[in-house]
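Please look over the model shown here.

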Amino acid sequence: MIDVLIADDSAVQAEQLSNVLSKEKDFKILKISKDGMEAFNDYLSLKPTALILDLDMPVMSGIEVINELSNDTNFDSKKNVIVVSGAMPFRSQISNPDKIKWIFSKPIDYDRLIEEIREIKRNEGLKPSLEQDLDKMFTGLDIKPYTKGSRYLKTAINIAYYDVERDINISNIIRHISFSYKNSHLDSIQSAMDKTVNTIYYKKVKDIKLKKAFSADYKITTKDFINRALYYIDNT
């Protein structure tokens, strides 16, 4: 179950968010916090999978909530705050992104919001540094991080990493991704990953460890990419 805490002083906005997210069978709305201080305390006590946070709130602003959650080493290190705010002056004040998974402006793209929340849940099983290793790897390979192909690839690497036998069965991995993302079009998942992998062929890799793992004189397959990613992660 994906536990969601909503923090928004607008009753209309909070209710709309709650109604949309509640339709997802794997989502549970823990509570709606009506100001920043309440959100901060609710986060600590309820330990939600994700906090949906407005920035312009009374008592304690969303900016202050983010800073408190990011700076105190007693809090978990999960990047599980999703900012939803139409106030550009507030969004421009964000200086500490350690807890922020994504920032949405209003009106909200609910499909994208739901996917970001689900990705937080998927990342709960990662080793403490694996998500950071993958982000560093994708950045070094100049792969756009938020395309469908890159998301599927990260999930595929995660699946392969935790497979004891490291048996990279692409068909099984795609079926797992299909279930996780609720996408029944297996061919489209395969195609999105293949296209993303193909983008690195013509790029010059500068990082020494990445170069050792990914340099090739030929276009690598998605299976090759996952194998090379595991090699890179194991040696990082």
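Q: Is R118 buried or exposed?
A: This is a predicted model in which local features need pLDDT of at least 70 and side-chain atom pairs count only at pLDDT 80 or more, while totals for chains, interfaces and linings use all residues. Residues are numbered from 1 along each chain as its sequence is written, and side-chain values use heavy atoms, with hydrogens and water left out. Buried means under 20% relative accessible area, exposed over 50% and partly exposed in between (1.4 Å probe, protein chains only). At 9% relative accessibility, R118 is buried.

Q: Which residue forms a salt bridge with R118?
A: A salt bridge is a side-chain nitrogen of Lys or Arg within 4 Å of a carboxyl oxygen of Asp or Glu. The closest N and O atoms of the R118 pair are 2.9 Å apart, and the partner is D26. D26 lies in the loop between α1 (11-22) and β2, and R118 in helix α5 (residues 110-123), so the pair ties together parts 92 residues apart in sequence.

Q: Which residue forms a salt bridge with K154?
A: The closest N and O atoms are 2.6 Å apart in the pair of K154 and D135. K154 lies in helix α7 and D135 in helix α6, so the pair ties together parts that are 19 residues apart in sequence.

Q: What is the relative accessible area of R151?
A: R151 sits in helix α7. Contact means heavy atoms within 4.5 Å, and beyond its neighbours within four places in sequence R151 has contacts that include R112, E115, E116 and Y181. R151 is buried, and its relative accessible area is 6%.

Q: Which side chain of opposite charge is nearest to D35?
A: D35 is in the loop between β2 (27-33) and α2 (36-46). Lys and Arg count as positive and Asp and Glu as negative, with His and the chain ends not counted. D35 is buried yet has no salt bridge; at 8.7 Å, the nearest side chain of opposite charge is K34.

Q: Which backbone nitrogen lies 2.8 Å from a polar atom of the D35 side chain?
A: A polar contact is a pair of N or O atoms within 3.5 Å; within protein, one must be able to donate a hydrogen and the other to accept it, and residues adjacent in sequence count only if both atoms are side-chain atoms. The D35 side chain reaches the backbone nitrogen of M37 at 3.0 Å. The backbone nitrogen at 2.8 Å is that of E38.

Q: In β4, what is the bridge partner of L51?
A: Two strands pair if DSSP finds at least two bridges between them. Strand β3 (residues 50-53) is covered on both faces, with A50 and I52 buried on one side and L51 and L53 on the other. β3 and strand β4 (residues 81-84) run parallel and are joined by 3 bridges. The partner of L51 in β4 is V81.

Q: Within what arc do the buried residues of α6 fall?
A: In helix α6 (residues 130-140), L130, D133, L134, M137 and F138 are buried. The arc is that of the directions from the helix axis to the C-beta atoms. Seen down the axis, the buried residues of α6 line one face of the helix, because they fall within an arc of 125°.

Notes:
Helices (H or I, at least four residues) and strands (E, at least two) are DSSP runs, numbered from the N terminus.
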